[in-house]
Amino acid sequence: MTEVKRLNVDMDEMDVEHQSNEFAELFSASLKEQKDRPERDKIWEGTVVRVDPDTVLVDVGRKSEGTVPINEFKDAEGNITVQVGDKIKVMSTRDGGNRLSKRRADQMAAWETINEAGGEGAIVEGVIAAKTNGGFTVAIGGVNAFLPASQVDIRPSGNGDAYIGLSSKFKVISLNQKRGNIVLSRRSLLEEERAESRKVTMEKLEEGQVMQGVVKNLTEYGAFVDLGGVDGLLHVTDISWGRVSKPADVLTPGQEVTVKVLKFDREKGKVSVGIKQTLPDPWQDLAARYPVGTRISGRVVSLMEYGAFVELEAGIEGLVHVSEMSWTKRVRKAADMLSVGDQVDVVVLGVDLQNRKISLGLKQVSDNPWQSIAERYTVGTTLEGQIKNMTDFGMFIGIEDGIDGLVHVSDISWTKRIKHPGDVYAKGDLVQAVVLKVDPQNERVSLGIKQLTPDPWSLVPQKYAPGTRLTGKVASTTDFGVFVEIEEGIEGLIHVSELSREKVPSAKDFAQVGDSIEAVVLSADPKERRISLSVKGLQAAAEKAEFESYLGSQGEATSNLGDLLKSRMGKA
């Protein structure tokens, strides 16, 4: 029994010794592993030995390699930016083990760079990576800093996207490494550079000087040009010898331009510059290059109600007035004939060098149809045309393309009193007319419709001689007489004094419109288109006729008695 107990004790001692040896081995292995593991917060330089789908294996010079998440090697588009053999810097992560981080190494290196540069107030280089709320994110190595929108430029552009990807220097204006906050300013550096550049520029700036500049921004009235820390005003009228509607049509921000200093107020620091003044004035020998009558091709650059501006060459534009666009058409606005960009042939009508104006003609390129119209349409020619338009004073009849003739309202009818052409015709009617007059100089043709038939008044003296008895209808009455229609379109007047032998107070009481009335012609004047009638004269004529008839019968009786007496005396 005692031997059994001693055996058990020996066995227990052996187990303890075995466990002790095993713990020692484990402890020794742990120390060795810690020795092989990279130190935390220390930057190591390693070599990429393998790139897997999820991790990158990096050899940092220890027994075992470390792993870095593949995401730390992807750019904004998701492309992997590392390959086997690349030398990179990494740090161990807080998780310990063989897990490494390139991102932490980059951040630590960036903070070291900022601190070495001086912390707040330091000048660092970075790239504006993206827009964020209130400003931009700037990548400084592995650290993202904040750039307020107001600090991106001296005059920040309204288009924030224009700054994305810009590599520049920045000034650190606020720094908190514990929180990882960095605030930058690009504007402060630009202002310092501008102030230094302005000082140098102001010292050498003079009126008449030709220099290079950069367009900073555009306005409706011109542009501001950076001359090297000094802004020069470039007015729209000084951009080109030609007409510029908007500065944006010919200039863009950032464009390099050559300008001439026109005015310089050193005390106020104001500068006016011009681009066109650096180029020859095209108007100097214009009269010699474009004498009156010259035919030239140009491009329509703008349209106004009153005409079109045609560019003959760079800086030279002429005006084609609407009245000079067509020989035959009545052009109300230039857009009815031309469009911007049209290439047209024009003729120089006049040159005003003092006011820098050129008058051009479009219609003068072709023959004037009015010059031969008198030969084609002689007076008395009968023609047929469509009524194009009507007015109170007459109507226009189309003679040929673009040429109309006027029929005055008084030349529509010989006899009818027509107040408006629309009382007789309608627009679009096809009518015949006679050419009465052709005036090529004033581009007018006078036509007549009534002249197609003889004037009925020309026959009045033969048809209605004084003493002619006639019957007509009362057309109208007035206080002074009664108008009687003798035939269609021809009326005669019975004056109140010729209505009756007795006094008639008012002709209106004598007859009613439409009454049939008989009268005698007193006189007829075809020139004045007047016929005088008389009812009283008709009564007198009737009495005279009766008296003459009576006298005639008495004379016949006397004659018969005389013949009887003579006969009887002869028989005796």
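The expected span of a helix is taken as 1.5 Å times one less than its number of residues, and helices (H or I, at least four residues) and strands (E, at least two) are DSSP runs numbered from the N terminus. This is a predicted model, in which local features need pLDDT of at least 70 and side-chain atom pairs count only at pLDDT 80 or more, whereas totals for chains, interfaces and linings use all residues. Residues are numbered from 1 along each chain as its sequence is written, and side-chain values use heavy atoms, with hydrogens and water left out.

**View 1. Helix 3, residues 187–204.** With 18 residues, helix 3 reaches 26 Å from its first C-alpha to its last, close to the 26 Å expected at 1.5 Å a residue. Its buried residues include Ser 188, Leu 189, Leu 190, Arg 194, Thr 201 and Met 202, where buried means under 20% relative accessible area, exposed over 50% and partly exposed in between, with a 1.4 Å probe and protein chains only.

**View 2. Strand 26 and its partners, strands 27 and 29.** Strand 26 (residues 469–478) runs antiparallel to strand 29 (residues 516–525), to which five bridges join it, two strands being paired if DSSP finds at least two bridges between them. Within this pairing, Leu 470 has Ala 519 of strand 29 as its bridge partner. Strand 26 also pairs with strand 27 (residues 481–487) in the antiparallel sense over five bridges, and these two strands form a hairpin with two residues between them. Lys 473 stands opposite Glu 485 in strand 27.

**View 3. Lys 450 in a loop.** The loop that holds Lys 450 lies between strand 25 (444–448) and helix 6 (460–463). Lys 450 is buried, because its relative accessible area is 14%. Leaving aside residues up to four places away in sequence, Lys 450 touches Ser 410, Asp 411, Ile 412, Ser 413 and Trp 414, a contact meaning heavy atoms within 4.5 Å.

**View 4. Aromatic pairs and a charge over a ring.** The structure holds three aromatic pairs, for which ring centres of Phe, Tyr and Trp (its six-membered ring) must lie within 6.5 Å, with planes under 30 degrees apart counted as stacked, over 60 as edge-to-face and the rest as tilted. Phe 393 and Phe 396 form an edge-to-face pair, because their planes stand at 85°, with ring centres 6.4 Å apart. Phe 393 is partly exposed at 40% relative accessible area, whereas Phe 396 is buried at 17%. Arg 330 lies over the face of Phe 396, at 5.1 Å from the ring centre; such a charge has NZ of Lys or CZ of Arg within 6 Å of the ring centre and within 35 degrees of the ring normal.
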